[in-house]
Structure formats: structure tokens, C-alpha cells
Protein chains: 4
Amino acid sequence: MSNSIGEKFQITTFGSSHGKALGAVVDGCPANLKLTAEDIQKELDKRKPGTSKVTTPRKEADEVQILSGIFNGKTDGTPITGIVFNKNQKSKDYSMFKNTPRPSHGDYAWMMKYNNYDYNGGGRGSGRVTIGHVIGGAIAKKLLKTQNIEIISHVVQIGDVKAEKQDFNTIKENVEKNPIRCGDIDAAREMEDLILSVKEEGDSVGGVVETIAVNVPTGLGEPVFSRLDGDLARILMNIGAVKGVEIGLGFDVVNNKASQINDEYIIEDDKVMSKTNNSGGIIGGMSNGMPIVSRIAVKPTPSISKCQDSIDLEKMENKKIEIKGRHDPCICPRVTVVAESSTAIVLADHMIRSGFIHPSDLEK
Amino acid sequence: MSNSIGEKFQITTFGSSHGKALGAVVDGCPANLKLTAEDIQKELDKRKPGTSKVTTPRKEADEVQILSGIFNGKTDGTPITGIVFNKNQKSKDYSMFKNTPRPSHGDYAWMMKYNNYDYNGGGRGSGRVTIGHVIGGAIAKKLLKTQNIEIISHVVQIGDVKAEKQDFNTIKENVEKNPIRCGDIDAAREMEDLILSVKEEGDSVGGVVETIAVNVPTGLGEPVFSRLDGDLARILMNIGAVKGVEIGLGFDVVNNKASQINDEYIIEDDKVMSKTNNSGGIIGGMSNGMPIVSRIAVKPTPSISKCQDSIDLEKMENKKIEIKGRHDPCICPRVTVVAESSTAIVLADHMIRSGFIHPSDLEK
Amino acid sequence: MSNSIGEKFQITTFGSSHGKALGAVVDGCPANLKLTAEDIQKELDKRKPGTSKVTTPRKEADEVQILSGIFNGKTDGTPITGIVFNKNQKSKDYSMFKNTPRPSHGDYAWMMKYNNYDYNGGGRGSGRVTIGHVIGGAIAKKLLKTQNIEIISHVVQIGDVKAEKQDFNTIKENVEKNPIRCGDIDAAREMEDLILSVKEEGDSVGGVVETIAVNVPTGLGEPVFSRLDGDLARILMNIGAVKGVEIGLGFDVVNNKASQINDEYIIEDDKVMSKTNNSGGIIGGMSNGMPIVSRIAVKPTPSISKCQDSIDLEKMENKKIEIKGRHDPCICPRVTVVAESSTAIVLADHMIRSGFIHPSDLEK
Amino acid sequence: MSNSIGEKFQITTFGSSHGKALGAVVDGCPANLKLTAEDIQKELDKRKPGTSKVTTPRKEADEVQILSGIFNGKTDGTPITGIVFNKNQKSKDYSMFKNTPRPSHGDYAWMMKYNNYDYNGGGRGSGRVTIGHVIGGAIAKKLLKTQNIEIISHVVQIGDVKAEKQDFNTIKENVEKNPIRCGDIDAAREMEDLILSVKEEGDSVGGVVETIAVNVPTGLGEPVFSRLDGDLARILMNIGAVKGVEIGLGFDVVNNKASQINDEYIIEDDKVMSKTNNSGGIIGGMSNGMPIVSRIAVKPTPSISKCQDSIDLEKMENKKIEIKGRHDPCICPRVTVVAESSTAIVLADHMIRSGFIHPSDLEK
């Protein structure tokens, strides 16, 4: 089950950077959801490289086809298969990486574990593998939309440049207006400058991506081991390059006493609210009706053109490595859509599990 | 499956704060592991309250019995059941919380989701529920010990007091010497002072708990959705009060460029090493042979004696709440054993899954 | 997960014939189901031996306690633990079976697989292990009752004695009136005679147990691998001594052409019915609204007092074996409650999975 | 997870009769298994219709491509995707079945459950869906072959014509020599005659398919709920048209006393054997080293050209149905490869689970 995730809304992904195709099988999506390839394509386009100076100039067309699961324009309760065929996958020679793992990439572990590692473009360790996440996430987002749930991921920090807090709708608008996918237009400009200067150096920089989901009903999540925060932490940490996950205040809880950050209740317009949302919409492992807020730490892309120390595993001797090519000087803008997709997959799964969406049929 | 975790080494926990018993069924532990109730008891004693001024003065005996799974002093491949019967569970009146959820506790979500919430002592939302984690973790630790794997969790920060970095063996020794379970004796004293002063105020404080596992072989973890970091993040975030999880450098990756933090390889004594361990022992979602390092953000215990705003859910009106009783002014010292147990459960599971431990029999 | 079954309504069982206790943890039962220990006890009493001449005269009190999951007399959404403590488990010397497996029992496979087999009373291979099934099944039956679903298992054949077909209510009444738990009183008498005569010979006899579930809505089961018939076949075949499972006509389909056994549709009182139910209530792996009918082949109890050939595994030499003691000359009457329980567990699971019962709360 | 099966060796299938493609994603196959599309193609060719007079004369090319999971001609530990693109899927008008379910087909349940049923050629309820099983099974068989395990499925009964018992190698040879895939050449001729005469009548006939697996080591299967017999029963009953599953003697146990059918042990050439194999190679839910023998009851293909009673679900009135087209007068010969594949999937899964095959790498 290592390439599947979700209990009721389950995705199974396959494919590698330079293989024939990449894709996802989505099982458990209720019947009667209107769905077209365009719904998926528009999400895939967000993770596509080559769209600005801050990402790799590599061109990847990444056209998705739906091979199963749709009848009369709507899901029919059977597995939905979305697939992207790789093009020009033979474009480059990767043989210098065959026995020489790139520092802070997964190469070394893949080599040791499986003894037959497809080192071309990182194989299944490549960022291209998130095409599967995005296919699943696009369907999840469409499903959640029927319940009025919306999700946005945006960059809130690159290096030492931080975005100002914005409200949900502003973020939604602003992320489409800048290549950083940052909710704060001013910060976005500074972030862009930083990324370009780091790129000049042949280096890379990391950042923080925040995800906010609104209109999530109270009661998603199943203590004690399928808690909503645990399931979110897993899927987010599973994204390559992510080294930390926070919910609500996250690590900042350490700098506060309970009296400063407890979310006190209040009744407004006959509705229960909390006065603050330091819990990030999750208490006791379940959603509490407030926006669900997570943040992930994204490391600098480990592929850099600077010379690094590595080894030759066949000869068992030290060896220098220079990773040429057109790498992302900062992967954060492209990670936003993966974080959004991953969050959507978890929420869709729990919406069905908790009985908010009928498992067989949306119309019921 | 919401109360089960693990694929091959799987624990299922049950019980609540004031019910008859709490426990865990551990399924998938290989046969022929020597195991006694004492092995579990000594771990449970570490999470026991009432042992110092920095925890609640409540006394909980928490004596564990093993009801199944052992034959001739060794596991026999059948499910191991560890159980702790609650004593004096009727000691207190919790009825004031019946319709009034405590801020930043799970009460409100439990009430809304299940419509029949055992509000006594927090029911199954209580910290006592981690007895199940510790039973499972104690068995996992014993199993890992047969493979030379050791794990230690320790407090590295309380409020603004941070511990100095120590080596593994020093931490192991030091945590037993101070009530904070901090690896740095000097910092421990400052932390103790801080906790006691916060306790005086009727408030509470949070902190950071770090877990280090050594001698883990290369290749644990299964990309792309059962990665070792994802599975650790899930189980750690599932611990009550945890709001953030980091692996290796964690959120600090943001403050560095790739050239500063990439873990370069080197061959030493014919063994592959990385010169640094900023990845925290996990690359591409798999262990790489270096120590596995995680950190969790633990929020201040939300139960404080200060007056707080809440609501009466039956009358749907605002209502003040004061949570009397003997609460932990800082839960971090007791969380260490839960983090250690949780980490052990994930590692034991992956050791079997990856074929390092034979699933039916240790002797093979 | 080898001791767990079910996806949403999940039972995990533990314990062995002569260990301290046997039981089940039931996870995923919706909140607000009224439940008492008596609900479970009355089912356990049906599988209790020593109640008639056709079962073993061994006395087993088998008193169940509920240790968790109930609040104010109703389930609260947390795991329900039912437990039976073994009494007098040291009553007999089983050491002659330590290295000598009983023919057609599981002993040999347990010994080889785990290398530490609890041979006392068959260990976890014992029929006593079905106490866990019955605990889970009793809860499942109570849950199904809220949806008007009823299940009855009854003996339809012992050796060459077959019961006449009866309607559901007659079966329900009759099974309580004879020790065979046969729905046909006349056949029951013949069956009893047959069993007693086989018992005289120091031998044992098998039979067929049929299970009928009524009022199951259309649409339970999830093709193509969680079909209702597949899930029933698995849980029924998992019962010790079962060597065959049939749905509807079962193996008799071979003796008919499609035109003779196809279930043609008809509309009666504005409801869709099939004129016959040769499909046994399941088409395409899903329930179709007709009664769900299964049958299992139960082999003769392999424990017989006649001398048999076996081996000494330590000395690796042939050795005769005589299994003394008070064995069931026919296990079928006691298997009925296990088949009923197993069927209930599968139906309860699928009722929740398919959205007919709200997963968190019966009241919604 | 309704379209996935297996714990370690897991297949997820997708696609429908008249959609764009059908296929399977195989996750958990260890690395370093040599695998080509031809390995799968030769199995698919066995289930292909149009190869003899006893199957439908429909032509289906069914060419498989492998889209992922192979590197340098060997599996690389990542998911293997096998796919068959449908051709000419718009060849026929199925609209008469839109509201009129075919008797004893799954149509009615699919319509009720999902409210958007692809009625073209039976949609995902079609026999074509077993293409996914066969893709998974072909890989499983190749994997088992590395451990010397072989599996053969053959027809042992059609209507009232029964095959004589043959030994494993004779069956293997004979099934390739007759269109029935029967291990007994003489019986095969009679079976062929029977099928052709039933076909003349516009009717269909069922049969029994037996599967034998040899060289399976002792100890596959995990009591009490992942027993080998339970897992086989599930996957076999999940095959469309199957209404019964037997292991070993199956329902014939009822006609014997224990003393007649208990499998007594004997030591031969220093190896433990049982003198008979009435248990069908499985005791206590685990393999015992003897050949594993199962039989399934396959119903007559419900699609027949004779006029039948059905209904119009839109108008809610009775309506006659005649199913024209070129249907299989007996599906048994084509079911053999599906039974063989299904058995291989379960055995491959348990070989890995039980530690007989290293989960990451065959070479270890």
C-alpha cells in the first residue's frame, strides 16, 4: 500500500520522471460528480515548470487524459484513472548519477533499498511524481466544492522574506497574480528578487507554504490514530523536500502560555465560534468548524550547480559531483499546488468517512 | 481503524480516562521475543504523574497486566494484550463540563461528532489514553533492541529555555537524572524554575521534545505514501497537544541555502556516511543509516485554573469556566515517553515491513 | 492486521484457549447504540458447550464484561472492549501434544510458523477463539436490528440427514427448541440420533450451516474486490473447520442451465422483486434486496478418541496419537452462532461503508 | 479500497468493458524480478474470447503495455502499471439495457447503488474487468516461479460431465490441448459437446474450476482473520459468476466421519507429510506444505438469447428482455485463467508477508 493513501477516497499513484507515463487511480469518489479532464488540467498547469523565471525553464506539457471512471460526464462510482504520458523522456544523459548519489536527494536510499534504481531524472523520487497527487487533488477539490469547502495554499516565506497575513479571498486572488504564488503581492516581489539572486549563485533557497481550508464542518477526524491533524501531517510530510509540518500556531505554541493562546468559545449569531484560531481548526484531532490552517517547511532544492562531495558506490571512493541542468532555484511556488492537492485528498476522505458525503452517490 | 496504527506491527488501543480499563492489543509482533509485564511497566512508570513538582500531583498506579500473546515467557505470534485497570475512577465530579467545553481541549469536537461524550476526565480525549501508546511502544522498543536500535526522547525546550546539544549517550543518562527528562542538566534546572513559576500563576507552558533513534539500517520507509518521515509525522502529530513536527533541521531549512545544508557523502572506514545530518536520517522518505531525529512542538496544557470564556451548549449562552484540579503545568516531561513509544512503533513496523525482522519468528 | 477484520466496523480479537482471557475490541461502532453486557452474554451462551448431549460436556462459564466504549448505557464512538476471563485454565496436561501434531488440526502449521506454539487446548487455534467473533457479532446484530435487519444461522445438514426448507420465522423459533439449532424439528431429531451414534464410535461428523439475513437494503458491497459475497466468503471460511462456502444455489448452479436459474425481475406492489432467489440476495457482488443466503461446509471435529498416526517432531519419528477428553462429536450446532456473528460483522461493516448507517452517530 | 486487494503484493484495477482502457497497478512487487509485457500477454491470451467454438466469437485483441515499474528489464520496486486500451468500444447499441436490468447480472444493483451505471457491455460489471486480475496474476506467477511455486487451474466439471482426477503435470499439459482447459482430455470432448448443444438451445451451462498450487512452503496465512483459506475464498468468490468456493474435500466433508478423512502424518525421507490431502494443503488457516487445492462453482452465463422477464425501472413496469449478441455458452474455460491469477495474487502476497520473499529485493 506504499503508493496508495486514503481510506474511502483513495488514490494510488504510479510512474516515474522518465518512464512512459505518470498517473493516479482514484478509488472511492462518489458517483455523480461532474468531472472533465479540464478540471484536472487546470490544476496540473499550476505545478508546470517553465512558466516564470523563478522555476526551472524546462518545458513539460503534462496533458492529462481520463481513462476510466466517467460516464455521461459524471463519475460513476468506479475507479477514475488520470494519466500523463511523458514526452521526450530520453532527452538527457543521467549516467553520471548511476553510482553517485546526489547529496540530500533520495538517490542513496533508493539504491540501497531496491538495488535497481531508475536514476534518470530521479526516477520515482522525482518531483514529477506529484503529478499523481495533483490528479487526485483536483478530483478531491471538485468533490469538496459541492460541499462549499475551499482550499488555498500559498507561499508565506522564502528565505528570510515573510508575507503579511491576508484574508482568505485576498490570498486566493493574489496567488494568481505573482509567480511565487504568494498571497502578499509586496512580499512576492521581494521573494522573487531573493530567488533570482540565489539562482545567480548556482544555489537554491527554501520557504514555508501555508494551506487554509474554509467551510469544513465540525467533526472530521477519528481519534486516536486517524486524527485529522495526524492524517494531514502524514500526507504533507510525504511531499518531497518537506521537513516540517505545523497546525495552527505550530512551533510558536512554545513561546506562549496557555492563557495567551487557548481558543476561548463565544456564541455569535447563535453559532459557536472560538474567539481565536490558534488551534488551526483542529482540536482533539477533529475539525472544530474554524478554518483549517497548516504550514510546511520546504527545503532548498538539493540540486545545485555548485560542486559537492559525494561518492562512487561501485568503486567505493569519494568523488566530486556537479549537478548541471535547469533546476528550480526555489521549489515553493510549485509545491503550493501539491500541498493544496494533498490537503484536499485528506479532507475529501474524511468528509466521506464521517458521513458528510454519501459514499456511493452525491445525489443522496 | 481509527484506533489502530501500523501495518505489520499494529497496535489497537482502547479505554478512557475514567472507564474500567485502558490498554492495547499489539498484533504482528514476531514470535520468540522475550517479554514480561515488567518490560512494559518500567516504560509506563516514566509517564506516571505525581513523581515530581513539575507534573500533576495526582497519583495513578497504572499497573499493567499482559492478558494474551505470551507463551513460555516469549511472544508466540498471537496478539499481545496489555491492560491497565483504572482505580478510583469515580473520584471527582466533572458534570460542570457536560455542556461546557474547555477551551483548546477536544471536548467540543467530541460532543458534536458523537453526541454522547464521556466528559469525565476528558474521556478518550484524555492524556491517559497514551497508556495504550506506551504499552505498544514498550514492546516495540524491546523488539528493536534485538536489532541494536535504541531510541531516546528528551525535552529540548520549555518556553524560552533551550537545552544545549548533547550526544546520544549523555542524553540517555541525563534524562533519568532530572524531572524534566531533559538531556542537558543545566537547562533542566532553568526549565524546572520556569515551570514552577508558571504553575504559581495558575498557567501552563509548552515546549519541544526531540527524539533520536540510532542504529537504524538504511532503507526503512516506502515511498511515496508510506515514507518513514510521513509515518513518523502522523503518529507524532496524533499525540494530544502536539501542533508541529520536524525532521532533521525542520523549519530551520528556511534559513539556509542548499549549499549550506546539503548532506554531502563521504566514505569512512569503507562505510558510506554523510558529513552532516541535516536530513535527520531520512532522505527520499527512507532511512539513510544516520540517526533519525524528530522534534515536536507541545502546546501548554490547556487546563488552567485561570478563568476563561466558554459556552453552555444546552442553553446556547456564554458562560465562564474555571478548571480546578491538579493539572500538569507542563506536559512535556510526560510526553517524552509517548514520543519515544510512538517512534518505536513506527520503526518496529517498518523493520518488519522492510524484511529486516522476520515477520513470524525472530529466530529465523 | 491478521487478527482484525472489517473496514469501518472493525473487530480485533485476542486470547487463547488456556491463556488469561479472550476478547474483542470493536472499533467503528457508531455512537448512541444502547448496549449492555447482557446483549453479548446471550449470544455467548449459544456457543457455550456442555448444554446438551451433542456437544462436549466441558463446562465453560464464559462471562463477558465490557471494559470500554459505553457511556450512559450507550456506545460513545470509542472502541468497545468485551472480555471473557478464562477459569481453571490449568486443568489438564497437554504436554503429549507438544511435539506431536493432531491430524487435521492446525497444530503442525502453528508449530512450523511461529516456533513457540501454545499447545494447551489448541492455543489460539482453539474454537474458544470464536468468543471474539461472537462478542463482535453480538454488537453488530444489535446495530443491524436498529435498521430492521435480522440474521439467523441454522444447521441444514448433519452427515446424510438434511433439513427441509423452512421460512425465516419458523427457523428462528425452531432453532431454540432443539440442541442441534436446526430449523426443522423433525430433521433435528434424526440429526441428534446420528451424532450420538457417531459419538459412541469415538468418531465425529460434519454438516452444513445455512445463514439467512433479511431486510438488507440494495447496494451493500463494493466491486470488484470488496464485494459482499467475497467479504462473506472470507469471514466464513476463516472459521475453523469450515471447508466450503456457498452463496444462493452455490455448487448446485452446475446442475442447471441459465434459463432454469436466472432470477427474473417482476414488479409487485410497486416494488422490484426477483421471482426466485437463486442468487442468494447478491448480484454483481452487491445485495439486491432479497434475503442473503449462505451455506458453509463444516468438517467433522478432528479431535477423536480413535487411535491415529502422527509424528514426533523432535525425534522426527512416527508416533501414534489418541486424543482423550470430552470433544464435540459434531461442532455444527455451536458453529451456528459463529456464522451468524460473522455474517453480522460483515453486514454491519457494509451498512456503514455504504452510508446506510451514519458512521459517527446513529441519531443522525 | 474496493478496487484493491492484497496487503504487501497489492493490485488496484480500473476500467470498464467499453471505456477507454482497462488495467492494473501492482504495488509491492519486490525489485529485480525480470518482467516483460510478453509475460503478461501470454496469460491474457488465455482469457481471450474468440479462440474456439465454446467461447463467444467476439474478437478482443487485448494487447497489454507496461507503463511503469520496470527499469533495465526488471522490476524496480515502484508500482507496475499494465494497461489494455479498448478498441472499437462503440460497436453496439446497449441502450435497451439502460433501464432494464438483465436477470442474474449485476445491472440492477449497480443502477440502484451508483445512480449512474455504464450499461455498455456491463460497464465495470463486465467479465472484461478480469483483465486487471490477469495482469496482476501474471506478475504474481512470475514472482512465485522464482520460488518454484506453480499453479494450474482447470475445468473439472461442466453440467453433469466430470473430469477424472489427474496428476499436476498431466493437467498442465492437457489444459493447453483442449478448448475447455480441462485436465482430462476425454472428459473435455464430452464437455465440448455439452456446451455446443446448450449453445444451440440459446442457453448456457456452468461448471467447476479447480486450482492446484504446488511447492508452497509451510506457514503461509495469518490466523485468525488473514488465514490463507479465507483470503483465497474472498478473491475467488469475488470473481463474477462464482457462487461457491471449496478447499480440499470441500462440501464432501459432510459425507465422511473424521476417522475417514483426517490427514494423518507420516515421516518420509526425513520429511513430514500427510498421508492424504483432504485438507487441501491448509490447516488452521495456514499452508502445511501439501498442494493447495480449491474449487469454485461457476454459474451458467446469465446472458442468454431466450426471452426472459424483466422490468423497466423508469416506467416501473414489467418488460420482456431478449439478450442478443454473441455470448459465452459456458464461461468456465475463460474463468480458469482468472482463478489461476487470483490464487497467484494471494500466494504472492502471503509469500512476502510471511518473509519467504524479501519485500524490497529478490536478490537479498
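Which residues are buried in helix 1 of chain B?

**Entry 1. Conventions.** I noted that this is a predicted model, in which local features need pLDDT of at least 70, side-chain atom pairs count only at pLDDT 80 or more, and totals for chains, interfaces and linings use all residues. Residues are numbered from 1 along each chain as its sequence is written, chains are lettered from A and ligands numbered from 1 in the order in which they are written, and side-chain values use heavy atoms, with hydrogens and water left out.

**Entry 2. Helix 1 of chain B.** I looked up helix 1, residues 37–47 of chain B, and found D39(B), I40(B), Q41(B), E43(B), L44(B) and R47(B) buried. Buried stands for under 20% relative accessible area, exposed for over 50%, and partly exposed for what lies in between (1.4 Å probe, protein chains only). Helices (H or I, at least four residues) and strands (E, at least two) are DSSP runs numbered from the N terminus. An α-helix has 3.6 residues a turn, so residues three or four places apart point the same way. I then asked what covers the buried residues of helix 1 of chain B. The cover includes strand 4 (64–68), strand 7 (80–85), helix 3 (130–145) and helix 8 (332–353) of chain B.

**Entry 3. Strand 2 of chain A.** I turned to strand 2, residues 10–15 of chain A, and found it mostly covered, with 6 of its 6 residues buried. Q10(A), T12(A) and F14(A) point one way from this strand, while I11(A), T13(A) and G15(A) point the other way.

I next looked up its partners; two strands pair if DSSP finds at least two bridges between them. Strand 1 (residues 4–5) of chain A pairs with strand 2 of chain A in the antiparallel sense over 2 bridges. Here I5(A) stands opposite I11(A). The hairpin of these two strands has 4 residues between them, and G6(A) takes a positive phi near 105° in it.

T12(A) faces V25(A) of strand 3 as its opposite residue. The hairpin that joins strand 2 of chain A to strand 3 of chain A runs through 5 residues.

**Entry 4. G15(A).** Why does G15(A) count as buried? Its relative accessibility is 4%, and therefore G15(A) counts as buried. This glycine belongs to strand 2 of chain A.

**Entry 5. Chain A against chain B.** I found 105 residues of chain A in contact with 103 residues of chain B. The two chains bury about 8000 Å² between them, with 61% of it on carbon and sulfur atoms. In chain A, F225(A), K243(A) and Y265(A) lose the most area to chain B, together 12% of what that side buries. Buried area is the accessible area (1.4 Å probe) that two parts lose on being put together, summed over both.

Across this interface the rule finds 4 salt bridges, each a side-chain nitrogen of Lys or Arg within 4 Å of a carboxyl oxygen of Asp or Glu. I looked up the one between K257(A) and E201(B), whose closest N and O atoms are 3.0 Å apart. Strand 11 (residues 242–247) of chain A and strand 11 (residues 242–247) of chain B pair in the antiparallel sense over 3 bridges. Within that pairing, G244(A) stands opposite E246(B).

**Entry 6. Chain D against chain C.** How many residues of chain D are in contact with chain C? I recorded 105 residues of chain D in contact with 104 residues of chain C. Chain D and chain C bury about 8000 Å² between them, 61% of it on carbon and sulfur atoms. F225(D), K243(D) and Y265(D) supply 12% of the area that chain D buries against chain C, more than any other three residues.

The rule finds 4 salt bridges across this interface. I looked up the side chains of K275(C) and D309(D), which meet in a salt bridge at 2.4 Å, N to O. Strand 11 (residues 242–247) of chain C and strand 11 (residues 242–247) of chain D run antiparallel and are joined by 3 bridges. The bridge partner of G244(C) is E246(D).

Definitions and conventions. Contact means heavy atoms within 4.5 Å.
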